[in-house]
Amino acid sequence: MKTTQTWLFLTILFLLLTTPLALAEDAIEITPDIIHSYDLPDSLSAAEMLPLPDGGLLLAGSARPEGSNVSAATAVRLDADGRALWTYAPAQASRAYFMSAVPLAEDAFVLLCQIDSKGGEVYATWEITRVQAGEAVASEALVPGNPAVPPQLFPAEDGFYVFYGERTEKDRHGGTFHVPVLEKRDAAGSILWRHVFDQHELYFSASLPTRAGTVFFGRVEEQETGKRNTYGIAVKVSGDGEMLWATESPSTFMKNYAVAAETENGDLLAVGSHAYPLQAKIGVNPQTGVVARFSPEGALLWEKEYDLGVEAVGFGTVESTPFGCVIPAQIMDYRAPLHLLYLDEAGEIQTHFVLASDDEEWDWGRMVLAPSPGTLAITAVQYAWEKRIAGDAQDGATARVRTFEVDMYDE
């Protein structure tokens, strides 16, 4: 195998949705070493996982208070050994969930909370809360009523971004569109600028700070006669809100860029999924992983799809390292092993690893990666879903954090 200095390595972790799995002929099965593990409260479900400089984590999502069947928005700050330094769980009259979180400063975060309605036309409301050391500093309602596009938070150098969609009035056919809105706010929550896009049906899933601005990635949908086309999209915005460029991928059915990374030469890598129309089986949408490479000026250099021979999809967060870009995926079916594809600069597969496990009742969960020379550490929030659904924790916890180590390269 060539060295990492020769190649730009990209790690994509694919979710395989069928069981038993059909492995590629040249796939190498390996067993990762477990280097760290600790249990979490059984009812905790993390929608957001932020690695912190001290080796700890912020987990934001929901949990069920003791004696209650209603999920409550919950954020837990853990140290490197899994000890809870603080827990923030605001009282809500309805079910509530923290859907995303952005770090602001030392032990300070901004949290986005979805609060379900108990009835009426409004399905959910949304709140932004700034938390310092487990205490709420300020909270505000973001969008009254049910927004057309659920809000998203993205990090900024001096604060954070908020993206959401405002509903328009119904047209003469009774349909509605949404107007995408991007706000930049400072650490205190004050709006620095607000941009309203003229392109309807725009959705952002990820952001990437780059030279002279931030690039947002996601999808845009366009309705044609009898069908809906979906494009992957990348949009660069300057620090003062100027739209610098926007690039769409070729039109396909249900394509979305979900994570991104910047290479050493300033190129941009976007990773996501491409779902095809119903094929082979009724009610099944086959999906493949997608990787696109853009120049710093926004030109689409190439886009490739990766089909492992089964229904698969790649998602996750991104870590940029001197050895390349590492992209993990959320694994939604715990019966599936984890697949690692190493790609060269042109997007060609160089190595295909399959991570075996003798503990198949646990999924791989939400992940963060920490590459180092020769190895890759994978830290995952894991759940034993069948035990959680059955309410059976007699044989141990149903939620945990576990770190695995993988030998990344040949000698």
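Entry 1, the model. I noted at the outset that this is a predicted model.

Entry 2, the open sheet. I traced the sheet that contains strand S4 and found four strands in the order S4-S5-S6-S7, with antiparallel pairing. Its edge strands are S4 (45-51) and S7 (84-88), each of which pairs on one side only. I also looked up the angle between neighbouring strands of this sheet, which is 15 degrees on average with direction ignored. As background, I recalled that strands of a sheet pair through backbone hydrogen bonds, in a parallel or an antiparallel manner.

I then went through the pairing of S4 with S5 (residues 57-63): the two run antiparallel and are joined by six bridges. For Leu50 I looked up the bridge partner in S5 and found Leu58.

How many salt bridges does the whole structure hold? My search returned nine.

One of these joins Asp81 to Arg83, with the closest N and O atoms 3.3 Å apart. I checked the exposure of Asp81: its relative accessibility is 45%, so Asp81 counts as partly exposed.

I turned next to Glu183, which forms a salt bridge with Arg185 at 3.0 Å, N to O. Both Glu183 and Arg185 are buried. Glu183 also forms a salt bridge with Arg194, where the closest N and O atoms are 3.4 Å apart. This second pair links distant parts of the chain, with Glu183 in strand S14 (residues 178-186) and Arg194 in strand S15 (residues 191-196), 11 residues apart.

Are the two ends of that pair buried or exposed? Glu183 has a relative accessibility of 3% and therefore counts as buried, the cut-off being under 20%. Arg194 is partly exposed because its relative accessible area is 39%, which falls between the limits of 20% and 50%.

I located Arg402 in strand S31 (residues 399-407). Its relative accessibility is 14%, so Arg402 counts as buried. What does the side chain of Arg402 contact? I found a polar contact of 3.2 Å between the side chains of Arg402 and Ser37. I also looked up the separation of Arg402 from Gln382: their C-alpha atoms are 7.3 Å apart, while the two residues stand 20 apart along the chain.

For Asp107, phi is near 60 degrees, a positive value. Asp107 sits in the loop between strand S8 (96-105) and strand S9 (108-116).

Ala133 is not a glycine either, and its phi is positive at about 50 degrees. Where does Ala133 lie? I placed Ala133 in the loop between strand S10 (124-132) and strand S11 (135-141). Ala133 counts as partly exposed because its relative accessibility is 39%.

Definitions and conventions
Residues are numbered from 1 along each chain as its sequence is written. This is a predicted model: local features need pLDDT of at least 70, side-chain atom pairs count only at pLDDT 80 or more; totals for chains, interfaces and linings use all residues. Side-chain values use heavy atoms; hydrogens and water are left out. Buried means under 20% relative accessible area, exposed over 50%, partly exposed in between (1.4 Å probe, protein chains only). A polar contact is a pair of N or O atoms within 3.5 Å; within protein, one must be able to donate a hydrogen and the other to accept it, and residues adjacent in sequence count only if both atoms are side-chain atoms. A salt bridge is a side-chain nitrogen of Lys or Arg within 4 Å of a carboxyl oxygen of Asp or Glu. Two strands pair if DSSP finds at least two bridges between them. Axes are lines fitted to C-alpha atoms, for helices over the stretch in contact, and angles run from 0 to 180 degrees between N-to-C directions.
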